[in-house]
Amino acid sequence: MDSLLVNDANHVWHPLRQAQTDITVTPILSAKGSVLYGENGQEYLDMVSSWWVNLHGHAHPKIAKAIFDQAQTLEQVIFADLTHKPAVELASRLARLLPEPLTRVFFSDNGSTAVEVALKISYQYWHNQGQGYRKRFISFEGGYHGDTFGAMAAGNAAHFHAPFQEFLFDVDVMPYPHTFDGDREIEQKEASALQHFKDHLEKYGNQTASLIIEPLLQGSSGMRMCRPVFLQKMVAMAKSYGILVIFDEIMTGFGRTGSFFACQKASVTPDLICLSKGLTGGFLPLSVTVASESIYKAFLGDTFDKAFAHSHSFTANPLGCAAALASLELFEEENTLQKIKQIETWHHHHMAKLSKHPNVIKARIMGTIAAFDIKSEESKYALPIVATLKKAFLERGLLIRPLGNVVYLMPPYCTTEKQLTHAYDSIREVLDQI
Ligand SMILES: Cc1ncc(COP(=O)(O)O)c(C=O)c1O
């Protein structure tokens, strides 16, 4: 083993892996476009957009330059009583891109903190208006919202969070009718989920502060897709009880589902939206929780106690904001929505063939994301087969990280037809062998 791997093994604690049994970590020296370069010239196609953050390709010169220029001008400044151009420009741009009532941008550093902020805002919103009895939260079976305590409570990822269960506040978990190509039971699953939701609201709707959902697509629980019609009906019911609706678009934002935001694809507008991951094009950690103006106004008053007393040292970091602005400009300059459409078309072409493979079930595609289940008795996250699959994919020059028995592709938007064809051909080869 070379010194990098020895020192890594001795000193680094990597996230989300069982170091004792998992495959060895792979050193990456550099990256360009959709390709990661290993130590000895190996090439790996990044088919997970580096944990779903990368949009326009690695080391994009425009974003790199924006960060470099910003670093030489203003790298960081306290955001409590001061402000700066990159943050104001980014907030204004996001407000223009998002549906109408979402105008107030609160900055934080990552997806989990954006969720914490949304949950806290929704709770304090009622408290500030003398309706502190609205203490309940609703979330959905299979939801994942991050790994901090509030985000863990809102999520339902027992495979990640089991040791902490007794410390997590109670959340009312509703059924989530996920679907796939050729699903004949979806109408009935939706009807039953909506009935359950209605019954719950009749009992507890007036005590509920907010609900949180990953709109149209649950990422971590296995790229589980729902239909817009479910979201529309469910949100309409929640709003009729005044419940604040939080959309966690940390993964679905910035084009992943084919529209700029999933809420637009679903024609549903939430009261709060959480964005991160692709926000900076995948270059720097930054997140936002965007609220409607009426929510913002509920925090105004003569005394401090109504204010939202939440902050992070690096709130609205200028480098992150500059990267985000450059990334948003790229959407126009590189006609990114067209590239996204193209990727979706290629997915359909390849998946039509792959879904006939005897080991493949429940194929599904939304925008740039394609997924299927490997036929398996079990579906839990850390199936032993996952390590075997990851290794087989790496050997074929692919970075693909199955979620249990779910294999998915979420390529950066610069991915070419040739690269995607290589990914599908390799997947077929690996499936033939298992
Ligand atoms: C939908 C969703 N919400 C929240 C998070 C947490 O984001 P972060 O890992 O940046 O804390 C994730 C991360 O995968 C996510 O997919």
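This is a predicted model: local features need pLDDT of at least 70, side-chain atom pairs count only at pLDDT 80 or more; totals for chains, interfaces and linings use all residues.

Residues are numbered from 1 along each chain as its sequence is written, and side-chain values use heavy atoms, with hydrogens and water left out.

**Exercise 1.** Classify the ring pair of Phe-299 and Phe-308.

Step 1. Phe-308 counts as buried, at 17% relative accessibility.
Step 2. Rings of Phe, Tyr and Trp (its six-membered ring) pair if their centres lie within 6.5 Å; planes under 30 degrees apart count as stacked, over 60 as edge-to-face and the rest as tilted.
Step 3. The centres of Phe-299 and Phe-308 are 5.9 Å apart and the planes meet at 80°, so this pair is edge-to-face.

**Exercise 2.** Find how many aromatic pairs the structure holds, then examine Phe-140 and Phe-197.

Step 1. There are 16 aromatic pairs in the structure.
Step 2. Phe-140 and Phe-197 form a tilted one, with 6.2 Å centre to centre and 35° between the planes.
Step 3. Phe-140 belongs to strand E5 (residues 136–140) and Phe-197 to helix H8 (residues 186–204), so the pair ties together parts 57 residues apart in sequence. Helices (H or I, at least four residues) and strands (E, at least two) are DSSP runs, numbered from the N terminus.
Step 4. Both Phe-140 and Phe-197 are buried.

**Exercise 3.** Which residues do ring pairs link into a cluster?

Step 1. The cluster consists of Phe-254, Phe-260, Phe-261, Phe-331 and Tyr-413.

Definitions and conventions:
Buried means under 20% relative accessible area, exposed over 50%, partly exposed in between (1.4 Å probe, protein chains only).
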